[in-house]
Amino acid sequence: MTTYTGKAKYARVYEHNRDTKYDESGVYSVEIYLEGTELARAKKDGIPLHHNESGSFFKAKRKHQIMKDGAPVVLGPPSVVGPDGKTPFTENIGNDSIVCAMGKLNEWKGTRSFKLSALQVIEHVPYEGNNNSFKDHSTVSDNGDEKVA
């Protein structure tokens, strides 16, 4: 097992928010943004890195279910703990939370990946959800006048 510490983005590490877009049983994932020695270590370890305006990151993933000897085996979500490394952490994880991802480096067909086993939330940033700031139009008529009940 190895660990990487960095900023989390798009954490989907619980049963209720796992990604089922491309795998109907679901995948747990989190983008880990790295800097300094953590980034250098990930490069040395051969982790495929992506780059955007927020920095350099890798995607840590865990399948909800795998096939073993022709039969499905449910792995479930990764363990998620708080700063003490023991207490279960159950709050949704907001972008820019500082986390430590624990997992296994995996190689398949010449490509390395990081299989997520556990996630420690070191500094939590509350998840804010979708912050659409739409105006309440339920009390306004088509011509802009206030509707009378």
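## Overall architecture

Of the 149 residues of the protein, 33% count as buried. The model is a predicted one.

The protein contains one helix and nine strands, and their order along the sequence is β-β-α-β-β-β-β-β-β-β. Where contacts link residues at least 6 apart in sequence, 60% of them join residues at least 24 apart.

## Strand pairing around β4

Strand β4 (residues 55–63) is joined to strand β2 (residues 27–34) by eight bridges, and the two run antiparallel. Within this pairing, valine 30 stands opposite alanine 60 of β4.

Strand β3 (residues 50–52) also pairs with β4 in the antiparallel sense, over three bridges. Here histidine 50 faces phenylalanine 57 in β4. The two strands, β3 and β4, form a hairpin with two residues between them.

The pairing of β4 with strand β9 (residues 111–123) is parallel and comprises two bridges. Lysine 61 has lysine 115 in β9 as its bridge partner.

## Salt bridges

Five salt bridges are present in the structure. One of them links arginine 12 to aspartate 19, with the closest N and O atoms 3.9 Å apart. Arginine 12 counts as partly exposed because its relative accessibility is 32%; aspartate 19, at 23%, is likewise classed as partly exposed.

Glutamate 15 and arginine 18 form another salt bridge, in which the closest N and O atoms are 2.6 Å apart. The relative accessibility of glutamate 15 is 44%, so this residue counts as partly exposed.

A further salt bridge brings together the side chains of arginine 112 and glutamate 107, at 3.7 Å from N to O. Arginine 112 has a relative accessibility of 29% and therefore counts as partly exposed, whereas glutamate 107 reaches 52% and counts as exposed. The cut-off that places glutamate 107 in the exposed class is a relative accessible area over 50%.

## Nonpolar surface patch

Ile66, Val73 and Leu75 form a nonpolar patch on the surface, and together they contribute about 190 Å² of accessible area. Valine 73 belongs to strand β6 (residues 71–74).

With a relative accessibility of 31%, valine 73 counts as partly exposed.

Methods
Residues numbered from 1 in each chain as written. Predicted model: local features only at pLDDT ≥ 70, side-chain atom pairs only at ≥ 80, totals over all residues. Heavy atoms only, no water. Patch = residues over 30% accessible without salt bridge, like charges linked within 9 Å, V, L, I, M, F, W, Y side chains within 5 Å. Areas by Shrake-Rupley, 256 points an atom, 1.4 Å probe, with all protein chains shown as cover. Salt bridge = Lys/Arg side-chain N within 4 Å of Asp/Glu carboxyl O. Helix = DSSP H or I, 4+ residues; strand = E, 2+ residues; numbered from the N terminus. Buried < 20%, exposed > 50% of the residue type's maximum accessible area, 1.4 Å probe, protein only. Pairing = 2+ DSSP bridges. Contact = heavy atoms within 4.5 Å.
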